[in-house]
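These are my notebook entries on one chain. I set down what I looked up, topic by topic.

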Amino acid sequence: MHSKNDAWKLNLSLLTLLELVSAYLFARLVPAAHQPWAAGFLVVLVVLTYFWRPLQSFILLAIGALASSFVYVWLAWNEGSASQLALIEQQVILIVLGTVTWGMGVYVRGFVEEARALRARTAELEKYSPQTRLLTLNEFKNEARMASAIAKRRGEHNVLLWLTLRGFAPEGAAGRTSARLMSILSETILSSMRSDIDIAGYLPPNTALVLLQNTDEHGARIVVDRIMAALRKQQSLNAETLERDIAVEIVPLGQDAAALEAALQKEPEIA
């Protein structure tokens with residue numbers, strides 16, 4: 001069973017072969033007097049195919065094909081029936097060459113767009129920790145600093161939450177259990193915070209950071225209570241030991257950027 005990439009490679013190979021054959025026939029059979037304007041149209045077609053949508057560039061191809069048809073009808077009318085077969089051959093060569101060139105342009109555009117999409121997707125994924133779906137620590141710091149600057153300009157107050165798993169094991173079966181608990185905690189945080197306002201990040205190996213914007217300690221406590229209530233509903237967790245398993249720390253930041261930097265530098269309190 002062929003993959004999509006195999007099909008693209010096969011189609012591109014066929015288009016390249018047709019392009020070479022058509023270009024050879026164009027050079028051999030189309031008069032030198034006709035080649036400059038035909039080549040100019042092909043260059044314009046290639047450039048616009050890259051910048052335009054395929055349908056728009058195809059319309060340009062159709063207009064070019066119709067224009068060349070009128071030109072060759074006019075030439076056949078003036079030169080008589082003796083050269084009509086040669087003129088028809090030249091017209092067919094030009095149409096085929098233009099169509100293949102358009103197809104090549106569409107395929108190249110497709111490759112470029114796919115590469116751009118992959119780069120954008122990769123860049124987006126690099127912002128998040130694969131273990132938790134939270135922002136990486138560096139990305140969290142960058143966004144938190146921007147949020148702190150905005151809060152200072154607007155006269156708002158922010159609060160930083162630390163949620164740390166106690167007894168986190170990095171390896172073995174206990175490590176897998178700890179990683180699963182960290183994943184559950186992260187998912188609960190993401191569903192409990194304001195996704196379009198608050199910022200959540202991951203401090204390896206066992207801490208989630210949440211920057212709550214435009215709120216105070218009371219608002220932060222409401223968010224913590226919401227997170228703990230959601231965790232108690234998890235059947236895989238022991239609701240009675242949650243208070244001991246997760247250390248919660250609320251750090252008011254106010255409007256001071258230095259307070260944010262100091263809070264990000266400190267170690268979580270897990271005792």
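**Entry 1. Terms and burial**

I began with burial: a residue is buried under 20% relative accessible area, exposed over 50%, and partly exposed in between, with a 1.4 Å probe and protein chains only. The model is predicted, so I noted that local features need pLDDT of at least 70 and side-chain atom pairs count only at pLDDT 80 or more, while totals for chains, interfaces and linings use all residues. Residues are numbered from 1 along each chain as its sequence is written, and side-chain values use heavy atoms, with hydrogens and water left out.

I looked up Thr164 under this definition. Thr164 counts as buried because its relative accessibility is 1%. I then looked up Ile150, which counts as partly exposed because its relative accessibility is 29%. For the chain as a whole, 38% of the 271 residues count as buried.

**Entry 2. Elements of the chain**

I took helices (H or I, at least four residues) and strands (E, at least two) as DSSP runs, numbered from the N terminus. The chain has nine helices and four strands. Read from the N terminus, their order is α-α-α-α-α-β-α-β-β-α-α-β-α. Thr164 belongs to strand 1, and Ile150 belongs to helix 5.

I counted a contact where heavy atoms lie within 4.5 Å. Among contacts in the chain with a separation of 6 or more, 71% join residues 24 or more positions apart.

**Entry 3. The sheet**

Two strands pair if DSSP finds at least two bridges between them.

I followed the pairings of strand 3. Strand 1 (residues 158–165) and strand 3 (residues 207–212) are antiparallel and share six bridges. Across this pair, Leu161 has Val210 as its bridge partner, and Leu163 stands opposite Ala208. Strand 2 and strand 3 also run antiparallel and are joined by five bridges. These two strands form a hairpin with three residues between them. In that pairing, Val210 is the bridge partner of Ala200.

I then asked how many residues of strand 3 are buried. Six of its six residues are. Thr207, Leu209 and Leu211 point one way, and Ala208, Val210 and Leu212 point the other way. In a regular strand the side chains alternate between the two faces of the sheet.

I checked two C-alpha to C-alpha distances. Ile150 and Gln213 are 63 residues apart in sequence and 9.8 Å apart in space. Thr164 and Asp245 are 81 residues apart in sequence and 8.3 Å apart in space.

**Entry 4. Pockets**

I used a 1 Å grid over the protein atoms alone, on which a pocket is an open set of points where a 1.4 Å probe fits, with protein on both sides within 12 Å along at least five of seven lines; lining residues have an atom within 4 Å of a point. Grid points are joined across faces, edges and corners, and a volume is the space filled by probe spheres set on the points.

The largest pocket holds about 230 Å³. It is lined by 15 residues, of which Leu165, Leu181, Leu237, Leu242 and Asp245 are the closest to its centre. Helix 6 (172–192) and helix 8 (242–245) are the elements that give two or more residues to this lining. Helix 6 gives the largest share, three residues.

I sorted the lining with Ala, Val, Leu, Ile, Met, Phe, Trp, Tyr, Cys and Pro as nonpolar, Asp, Glu, Lys and Arg as charged, and the others, Gly among them, as polar. The lining of the largest pocket has eight nonpolar, five polar and two charged residues.
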